[in-house]
Amino acid sequence: GGTGFVGRALTQLLRSRGHEVTHVSRQGGKDRISWEELSRSGLPLCDAVVNLAGENVLNPFRRWSDAFCREVISSRVETTKTLAKAIADAEQPPRAWVLVTGVGYYRPSPTAEYTEDSPGGDFDFFSRLVSSWEAAALIPGSPARGVVVRSGVVLGRDGGAISQMLWPFRLGLGGPLGSGLQPFPWIHIRDLAGIVCHALESECLQGVLNGVSPSSPATSNGTFAQELAAALGRPALLPVPGWAVRAIFGAERAVMLLEGQRVVPKRTLESGYHFIFPDLSGALKDIVA
């Protein structure tokens, strides 16, 4: 996932900190190896492996069908299995193995607050997806430190959720989705890249870290719509009714937009990570400036 939205930001950050980065992609080339080379020759000598691969679940141009569901699963679970096997088979295994999954692991609720220790992972398509994805990363007895970052909605300039929302909001046609009361777990892309980098550089860090901003538990979808409109100097008067969201995305995917989780980055903060964009208005000003 090195050339994707989060991968580009992470690559830039790691290189700026003096690390060398090699991407695993469909084709080999400069600073990259192909998946085929990886399966054939194994993992090149490295200090750490990060998996950001995954088909965009909320691609509005893809109908929610069995075939798309299978793609969504295999683009996450199979890539993770392939990398975990390469790490397990390596003569000199890497010191760290970081996987970025999602807060869809936790059950949507208007009131419950979830930390990294909260249960979840077995009530709908997305929670089960995260469970099998994280299970695929486990390498029993491996010396590689395993870290899982459960990410919220990633906000950034060149992709992710905002790229699909900006035009309606710029035209004054933006507004909350459904009731607007549902929690909206979010993180700025620079902080998600920052948490992954922090996990790579902190020699004793392992386990689950929630990749959401500290003020995210207090953010609703309605607040997000108002803040985004304010950052653009536009009104946010037109709510998008739930039936319309379900019609565009299909009922299973619509849950991701019409329901949400209050997720707290408890272990992330305890591990010493300092957020660059802890509050929403600052994050959005940076993105739409």
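Gly175 is buried, with a relative accessible area of 9%; buried means under 20% relative accessible area, exposed over 50%, and partly exposed in between (1.4 Å probe, protein chains only). The model is predicted, so local features need pLDDT of at least 70 and side-chain atom pairs count only at pLDDT 80 or more, while totals for chains, interfaces and linings use all residues. Residues are numbered from 1 along each chain as its sequence is written, and side-chain values use heavy atoms, with hydrogens and water left out. Helices (H or I, at least four residues) and strands (E, at least two) are DSSP runs, numbered from the N terminus.

**Gly175 and its surroundings**

- Gly175 sits in the loop between α5 and β8 (186-188).
- Leaving aside neighbours within four places in sequence, Gly175 is in contact (heavy atoms within 4.5 Å) with Phe169, Ala225, Ala236, Leu238 and Pro239.

**Helix α3**

- Helix α3 covers residues 66-89, which makes 24 residues.
- From its first C-alpha to its last, α3 reaches 33 Å, close to the 34 Å expected at 1.5 Å a residue; the expected span is 1.5 Å times one less than the number of residues.
- At Ser74, α3 bends by about 30 degrees, the bend being the angle between axes fitted to the seven residues ending there and the seven starting there.
- The buried residues of α3 are Phe68, Cys69, Val72, Ser75, Arg76, Val77, Thr79, Thr80, Leu83, Ala84, Ala86 and Ile87.
- An α-helix has 3.6 residues a turn, so residues three or four places apart point the same way.
- Packed against the buried residues of α3 are α2 (35-41), β3 (48-51), β4 (96-102), α4 (125-136) and α9 (251-258).

- Thr82 belongs to helix α3 and is partly exposed, with a relative accessible area of 28%.
- Beyond its neighbours within four places in sequence, Thr82 is in contact with Trp35, Leu38 and Ser39.
- Between Thr82 and Asp122, which are 40 residues apart along the chain, the C-alpha separation is 24 Å.
- Ala67 also lies in helix α3; with a relative accessible area of 40%, Ala67 is partly exposed.
- Ala67 and Phe277 are 210 residues apart in sequence and 37 Å apart in space, C-alpha to C-alpha.

**Helix α1 and what follows**

- The 12 residues of α1 should span 16 Å at 1.5 Å a residue, and the end C-alpha atoms of α1 are 17 Å apart, which agrees.
- Phe5, Val6, Gly7, Ala9, Leu10, Thr11 and Leu14 are the buried residues of α1.
- The cover over these buried residues includes β1, β3, β7 (153-156), α5 (160-170) and α6.

- At least two lining residues come from each of α1 (5-16), β1 (23-25), α2, β3 and α6 (189-201).
- The lining divides into 19 nonpolar, 8 polar and 7 charged residues. Here Ala, Val, Leu, Ile, Met, Phe, Trp, Tyr, Cys and Pro count as nonpolar, Asp, Glu, Lys and Arg as charged, and the others, Gly among them, as polar.

- Val147 is found in strand β6 (residues 145-151) and counts as buried at 1% relative accessibility.
- Apart from neighbours within four places in sequence, the contacts of Val147 are Trp97, Val98, Leu99, Ala199, Leu205, Gln206, Gly207 and Leu209.
- Asp31 lies in the loop between β1 and β2 (32-34) and has a phi near 55 degrees, a positive value in a residue other than glycine.
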